[in-house]
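Notebook open, model loaded. I'll jot things down in the order I look them up.

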Amino acid sequence: MKRFLISFFAALVIGLVIGLYLGWVPFPVQYVDSPARDLAQRYQDDYTVMIAAGYRVDLDLTGAVERLRVLGVENVAQHVQEVAERYITTSRDVAEIQLLVVLAEGMGRLTPMMEPFRPVMLPGQGS
Amino acid sequence: MSESSASSRSRTRQYQRPRRLISWFGVVLGVSFGIVGGLLLAWSQPVQEYDTAPWQLTAADRSAYMVAIALRYDSDGDVGRAVQQLIDLRLPGDPIEQMAVAACELATTGYVDNASGLHAVRAMMRFYQAQGRSGCADQVISVDDPASTTIVDIQAPTSTPTLPPPDTKTPTPDGGIGGTPTPNILVIPTSPPQTDFTFVNAATFCDSTRSGLIEVYVYDVNGATGIPGQAVRARWDGGESTFFSGLKPERGTAYADFQMSENLSYILDMPGRADPLAQPLVAVTCTTAEGQRAVIGYRVTFRALE
């Protein structure tokens with residue numbers, strides 16, 4: 001009986017460790033119906049770039065702000081500035097940086113760091 | 001004698017056999033209980049959500065994400081990336097078809113009541129139509145973005161305060177229901193149904209005698225002949241009002257006006273005839289040339305397309 005109990009409890013501990021590993025690493029709980037504010041940062045950044053791309057086409061600042069509110073950020077302009085500066089400091093795709101800079105400028109958040117990425121208007125191009 | 005000797009040898013061997021340290025039955029039972037217990041423990045722990053992927057979003061936020069995908073596609077035309085992002089959303093069935101379904105849902109709700117929403121749904125339509133799909137949004141709105149959604153260059157903040165708005169200066173013609181008849185009977189000239197109108201421009205003015213007034217002018221295609229009896233709608237946070245051109249003949253048949261409340265934002269459109277202005281008209285304060293304080297006014301012009 002003693003032999004059985006020792007084996008059982010030793011195996012129970014090992015089984016517990018295996019169970020915890022399985023439950024946390026290969027098969028973790030995956031939530032659905034999460035709000036956008038819980039998006040991983042890289043997806044939040046992607047989303048911001050997508051909205052910035054839309055803004056470049058329609059220059060609809062109100063629409064861009066409304067769409068970014070989905071992320072639950074307290075200060076949308078601040079969020080755009082932070083994403084733009086993070087993209088610059090982490091040497092991300094220049095085209096994406098430019099999109100973010102255009103949106104940041106539209107929100108009055110153009111910083112010296114962003115200046116080199118402002119789109120250049122050549123003579124004869126648009127207004 | 002021989003039987004008793006064999007039995008004795010067997011018993012001796014049994015006691016001489018080394019005892020196992022492990023009870024395999026105990027091990028199997030322990031591991032089983034342990035794994036089950038570990039899984040239950042792991043899955044029942046309060047989880048701090050992080051690294052949420054787009055496919056885990058609520059239906060509404062997934063829809064917003066699809067709008068963003070369409071907007072980006074509209075900007076760079078990168079079909080591959082757009083499709084991949086839709087696949088990442090793990091939508092049931094054909095992801096492009098799902099874009100059409102989402103556009104349909106948005107087009108049949110208040111989402112398209114403003115220019116931003118219209119533009120977004122049109123971007124979605126352009127995406128799925130280019131991939132040979134169709135949806136109910138195609139019947140609700142046109143994929144072509146008419147000139148009426150031209151951006152208005154108005155320098156005003158976009159806050160939306162919640163003060164209750166006053167009634168319009170020009171009441172809607174309700175056929176005189178109730179109320180005492182007034183001696184001045186105003187006959188609203190009617191005109192044959194027009195095709196869609198387009199927003200032409202919006203200008204601001206600061207005048208203490210016309211403080212906070214939206215002046216709307218509705219012209220025929222030639223841009224000079226006023227069209228009376230045209231409904232213009234102003235919407236604000238929590239309300240809306242429709243007013244008509246031509247109710248003040250002394251200002252011309254094209255003229256209609258609406259009195260704004262200070263600090264409110266108004267979306268202006270011609271219901272069913274012209275898209276809403278891309279930016280709200282905000283009733284901010286201004287200082288007149290004489291140094292008087294007033295609420296800014298807007299002069300907005302619509303013109304018939306044909």
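This is a predicted model: local features need pLDDT of at least 70, side-chain atom pairs count only at pLDDT 80 or more; totals for chains, interfaces and linings use all residues.

I began with chain A, which reads α-α-α-α-α along the sequence. That makes 5 helices and 0 strands, where helices (H or I, at least four residues) and strands (E, at least two) are DSSP runs numbered from the N terminus. Residues are numbered from 1 along each chain as its sequence is written, and chains are lettered from A and ligands numbered from 1 in the order in which they are written.

I checked burial in chain A: 41% of its 127 residues count as buried (20 or more other C-beta atoms within 10 Å of the residue's own; 12 or fewer is exposed, in between is partly exposed; C-beta atoms are placed from the backbone).

Next, the interface. I find 48 residues of chain B in contact with 46 residues of chain A, contact being C-beta atoms, placed from the backbone, within 7 Å. On the chain B side, α2 (24-44), α3 (59-76) and α6 (115-130) each give two or more residues. α2(B) gives the most, with 17 residues. By class I get 27 nonpolar, 15 polar and 6 charged residues on that side (nonpolar: Ala, Val, Leu, Ile, Met, Phe, Trp, Tyr, Cys and Pro; charged: Asp, Glu, Lys and Arg; polar: the others, Gly among them).

Then I looked at α3(B) against α6(B). Their axes are 8 Å apart at an angle of about 70° (lines fitted to C-alpha atoms, for helices over the stretch in contact; angles run from 0 to 180 degrees between N-to-C directions). The two helices are therefore roughly perpendicular (65 to 115 degrees; under 35 is roughly parallel, over 145 roughly antiparallel, the rest oblique). Among the residues that meet there are B:Met66 and B:Ala70 from α3(B), and B:Ala123 and B:Phe127 from α6(B). The contact divides into 9 nonpolar, no polar and 2 charged residues.

B:Ala70 turned up again in the largest nonpolar core, of 98 residues, as one of those touching the most other members, along with A:Leu100 and B:Met99. My core rule: buried Ala, Val, Leu, Ile, Met, Phe, Trp, Tyr and Cys residues joined through C-beta atoms within 7 Å. Apart from that core lies another, of 8 residues, including A:Leu20 and B:Val31.

Last stop, the open sheet in chain B: 4 strands, order β4-β3-β6-β7, antiparallel pairing (at least two DSSP bridges between strands). β4 (239-244) and β7 (281-282) are at the edges with a single partner strand each, so one side of each has no neighbour in the sheet.

Notes. Two residues are in contact if their C-beta atoms, placed from the backbone, lie within 7 Å.
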